[in-house]
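Colleague: I have not looked at this one before. Can you put it up and take me through some of the strands and charged pairs?
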Amino acid sequence: MAVKHWSKMQERGNRFGMQILLVCYRVFGRKGLWLVLFPVVFYLFLTGKTARQASHAFLTQARKVNGNNKAVTWRDSFRHFRCFADSAFDKIDAWIGRIQQHNILYTNEALFKQLDEQQQGAIFIGSHLGNLEVCRALSQHRNSKTINVLVFTHHAVEFNKLLKSINPDVAVNLIQVTDLGPDMAIMLKEKVEQGEIVVIVGDRTSTTTAGRVIEADFLGKPAPFSQGPFILAALLDCPVFHLFCLKDTKPNGETCYRVIFEKYADKLVLPRKTRQQTLQQIVSDYAQRLSFYAAAYPYQWFNFYDFWQNDEQVSRSQNKEN
């Protein structure tokens, strides 16, 4: 059986279902909705063989890195699914203002303040680890910058439209991307020059061109990372930051969110003679930080496909099927 590229996997859910979720959330609250949603999550777990296998493989690798030899069980993978479902509630909480400032713990907050005070644009490279939606919703309280988020799936666009309808005052522009071509780069450069922020994830391979990847160590195994986000960062000629938002618990048991803001470079430069080697180092540095936090927060890893799959082999397999 052929392995599918992440972008070819059928998205389970639609906007109508999301709207029902939101209505139930407002009526029953978070705990009440979980009673309704639990059977749905369990059904998706039982029928989602590919996602279930990917969860098992990822959790196994994360445990190996952490020196834990305990075998991953179906209960562990089901917990992984539940955390993913629960992250949707975190997004809604953030956008309707239920997450308070005392529940946010910032790492290197001074860097972000400095960026805002200088009226300088930047690119933030995030991931599908944790919950970037929380950062975006909270941005309205932290600065006046417009945030431009590049999204790659229709499902992401629809969910974000729903979140936007909850709180239209958040200065976030969603830009659906099918190809990071010259026109897109020019448009984003103009936004950065106007002091705006561009957010892109670095942990998804290209939706249109397989093979444009660089392999880097991720949790002890080589994994393909798209070159696109990092080449784009170089073209924008602006400061580059790694961004993570991870759900955690304070010593008193209270839920909190760790917003981790790490400056990587004032700008990325890809010299012609050493372009590939430099790009390899940039991607490897990103993969190292992603590995570090993924090992620390494994149940917040929301890439439910074989992350270590060979991008070109998957593409050739799908071409044969077509």
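Colleague: In β9, which residue is the bridge partner of Lys 247?
Modeller: Tyr 257 is its partner there. Keep in mind that this is a predicted model.

Colleague: How do β8 and β9 pair, and over how many bridges?
Modeller: They run antiparallel, with 10 bridges between them. The hairpin they form has 5 residues between the strands, and Gly 253 in this hairpin has a positive phi near 90°.

Colleague: What about β2 and β8, parallel or antiparallel?
Modeller: Parallel, over 3 bridges. Ile 123 stands opposite Val 240 of β8.

Colleague: How many residues of β8 are buried?
Modeller: 7 of its 10 residues, which leaves the strand mostly covered.

Colleague: Changing topic: which residue does Asp 90 form a salt bridge with?
Modeller: Lys 247, with the closest N and O atoms 3.1 Å apart. Asp 90 is in helix α3 and Lys 247 in strand β8, so this pair ties together parts 157 residues apart in sequence.

Colleague: And Lys 247, buried or partly exposed?
Modeller: Partly exposed, because its relative accessibility is 24% and buried means under 20%. Asp 90 is buried, at 4%.

Colleague: What does Glu 262 meet in a salt bridge?
Modeller: Arg 289, at 2.8 Å from N to O. That pair links strand β9, where Glu 262 sits, to Arg 289 in helix α9, 27 residues apart. Glu 262 counts as buried at 14% relative accessibility.

Conventions
Residues numbered from 1 in each chain as written. Predicted model: local features only at pLDDT ≥ 70, side-chain atom pairs only at ≥ 80, totals over all residues. Heavy atoms only, no water. Buried < 20%, exposed > 50% of the residue type's maximum accessible area, 1.4 Å probe, protein only. Helix = DSSP H or I, 4+ residues; strand = E, 2+ residues; numbered from the N terminus. Pairing = 2+ DSSP bridges. Salt bridge = Lys/Arg side-chain N within 4 Å of Asp/Glu carboxyl O.
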